[in-house]
Amino acid sequence: MSTIETNYVVKASEINSEKELITFLNSDSYKIISNKKEIINKVVLANFFSKQLDRSNPKSLQLYKDALKLSSDIKDKNFLIWFYTSFGFYYYTYNDYPNALPLFLKTSKLLENNHDKDIIDSCNILKLNGFFWSTIEDNNKSNEYLERALQQCSTNNQNYGTILNNIALNYIKLNNFQKALTYLEKTKTAAITINDKVRYAKALGDIAYIEAHRKNYSKAISLLKEDIEISQAENSDKNTMFAQIRLATIYVETKQYQNAKTLLLDALAYIKTKTYLASNELDIQKLLLQIAVHEKNDNAELAARRRIESLTDQIILQDGVEAVKMANWQSQKERVEWQLEAEQNKAEKSKVIKWFLLAVSLLLCALVASIYQLNKRKIRLLKSSYEKQILKFKLDQVESDKKLQSTNTSLASFKAYLVDRNKHIDDIDNEITKLRQIGKATKTLSAMEELKISHLVTDENWNKFKEVFIREEPEYYQYILNSFPGLTESNLRIILLNRLNLNNLEIAQLLGLSVDGVKKSKQRLRKKFDNDDNFVI
């Protein structure tokens with residue numbers, strides 16, 4: 001590619017206003033081969049509309065597709081690297097990884113054995129390729145491109161700190177936290193050098209992630225608060241949102257639910273203004289679900305579950321975990337095919353080998369598609385089954401509570417209610433045991449354990465039970481209080497439940513204790529009041 005063409009592309013990347021766009025498109029100062037100039041102009045227009053609308057849009061997509069058709073006649077490898085990266089990054093920006101993948105694979109093939117200094121806008125192009133491979137979890141390949149980008153980028157370039165930051169993120173994903181911290185400190189230094197406050201804030205947020213992973217929550221919270229303060233001051237709404245979600249995650253982990261909810265609702269308000277942040281909203285809704293379960297807010301819990309299901313279906317084949325895995329698998333498959341192609345070129349060009357490779361490739365594609373669909377269906381069925389099971393337990397719990405409220409409350413009805421609760425706890429325990437044996441479905445296991453806790457005797461239920469007990473057996477209750485001073489509320493619970501002829505296992509389940517714990521409590525009571533012949537437990 002000529003110097004004139006390179007300058008034209010670089011000039012195109014600097015356009016920020018409609019006036020600059022019109023001036024650029026009407027300029028005749030660049031004498032470039034017509035089809036290349038037409039491709040560049042279409043990319044410039046597509047990016048301009050994309051920035052103006054801040055979303056994927058039909059007009060930008062059509063311009064890129066038209067440019068792609070024109071590129072079929074282009075033989076200039078460095079020009080194609082620039083174009084495929086630009087188009088691929090358009091899809092990547094709006095989290096459409098399956099459509100971005102083929103374009104970055106084309107670029108990856110062209111970048112093999114290429115002189116980086118010949119690439120148009122080499123620092124930025126190599127950086128963008130590094131970003132994509134990091135997103136689909138090929139972190140080593142990502143760092144390969146990012147290290148190459150560093151060699152093409154001056155230290156006072158804004159890209160320099162960005163590249164250092166993303167190398168650190170790859171090392172975090174590879175669980176090499178010490179190396180990640182080294183690059184994050186370099187990122188901070190680079191950001192200070194060029195006064196890039198947002199990049200400095202991002203580095204603080206990534207250091208906070210490592211500290212949170214190490215359970216240093218106090219330090220992580222302090223760093224994230226500083227990240228948010230800087231990001232808000234610099235009007236970086238997107239980075240503010242990321243930091244808020246990270247901080248809310250720590251608050252949920254440390255049971256600071258109200259602080260978490262405030263941050264999550266603020267982040268959610270920003271996300272609602274965008275069309276391409278579904279995966280971030282999914283993270284928020286999962287945290288809001290945990291908070292709703294803790295607060296026993298059935299309406300909020302139901303709303304969160306419904307939104308999670310809707311978002312999961314929306315992103316599963318675009319920017320969700322499954323999409324990333326499929327994109328990663330496809331990239332590995334493409335590389336194997338490149339190796340096979342290279343070996344084939346060395347050997348005799350046999351039609352038999354060509355047909356054989358084609359058949360194997362088609363069979364592999366069919367097999368992968370079948371496995372993917374089966375796994376997807378299995379995951380959905382399991383998820384649906386677990387959610388129905390949890391819902392049934394909750395409905396049983398509600399029915400049991402209603403039944404107690406609708407009867408003339410008596411010790412007999414309370415005993416029936418407590419026996420029913422014990423049966424529900426037994427059923428939940430059985431499901432928890434099954435889930436632990438499977439070794440998966442950790443979120444469902446957590447939901448089951450939360451559900452079990454909700455079945456224990458609450459302070460509210462206990463106070464109601466005491467009222468009924470005092471009403472029906474006032475003499476026994478006063479006898480216990482007057483004859484055995486020093487009884488704690490815990491002692492009283494065991495004595496009164498024992499009076500209903502509940503066995504040790506039933507008492508243990510209702511109070512959230514072990515059977516041995518109940519036995520020991522009774523033994524201590526007997527020992528404490530062993531001089532009183534009337535004390536029977």
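**A tour of two helix pairs**

Begin by selecting helix α21 (residues 459-472) together with helix α23 (residues 489-499); in this predicted model, the two pack at an angle of about 55°, with their axes 12 Å apart. The pair is therefore described as oblique. Viewed along the packing direction, α21 passes α23 in a left-handed crossing.

Next, display the side chains that form this contact. From α21, select Asp459, Trp462, Phe465, Lys466 and Phe469; from α23, select Glu489, Leu492, Arg493, Leu496, Leu497 and Arg499. By class, this contact of α21 with α23 comprises six nonpolar and five charged residues, with no polar ones.

Now move to helix α15 (residues 278-295) and helix α16 (residues 298-315), whose axes come within 9 Å and cross at roughly 155°. That angle makes α15 roughly antiparallel to α16. The crossing of α15 past α16 is left-handed.

Which residues of α15 and α16 make the contact? On α15, select Ala278, Ser279, Glu281, Leu282, Gln285, Lys286, Leu289, Ala292 and Val293. The contact of α15 with α16 has 10 nonpolar, four polar and five charged residues.

Finally, return to the whole protein, which has 25 helices and zero strands. Of its 537 residues, 46% count as buried. The accessible surface comes to about 29200 Å², and carbon and sulfur atoms account for 52% of that area. Among contacts between residues at least 6 apart in sequence, 62% join residues at least 24 apart.

Conventions: Residues are numbered from 1 along each chain as its sequence is written. This is a predicted model: local features need pLDDT of at least 70, side-chain atom pairs count only at pLDDT 80 or more; totals for chains, interfaces and linings use all residues. Side-chain values use heavy atoms; hydrogens and water are left out. Axes are lines fitted to C-alpha atoms, for helices over the stretch in contact, and angles run from 0 to 180 degrees between N-to-C directions. Helices (H or I, at least four residues) and strands (E, at least two) are DSSP runs, numbered from the N terminus. Angles under 35 degrees count as roughly parallel, over 145 as roughly antiparallel, 65 to 115 as roughly perpendicular and the rest as oblique. A crossing is left-handed if the near helix is turned anticlockwise from the far one by less than a right angle, and right-handed if clockwise. Contact means heavy atoms within 4.5 Å. Ala, Val, Leu, Ile, Met, Phe, Trp, Tyr, Cys and Pro count as nonpolar, Asp, Glu, Lys and Arg as charged, and the others, Gly among them, as polar. Buried means under 20% relative accessible area, exposed over 50%, partly exposed in between (1.4 Å probe, protein chains only). Accessible areas come from the Shrake-Rupley method with a 1.4 Å probe; for residues, only the protein chains shown count as cover.
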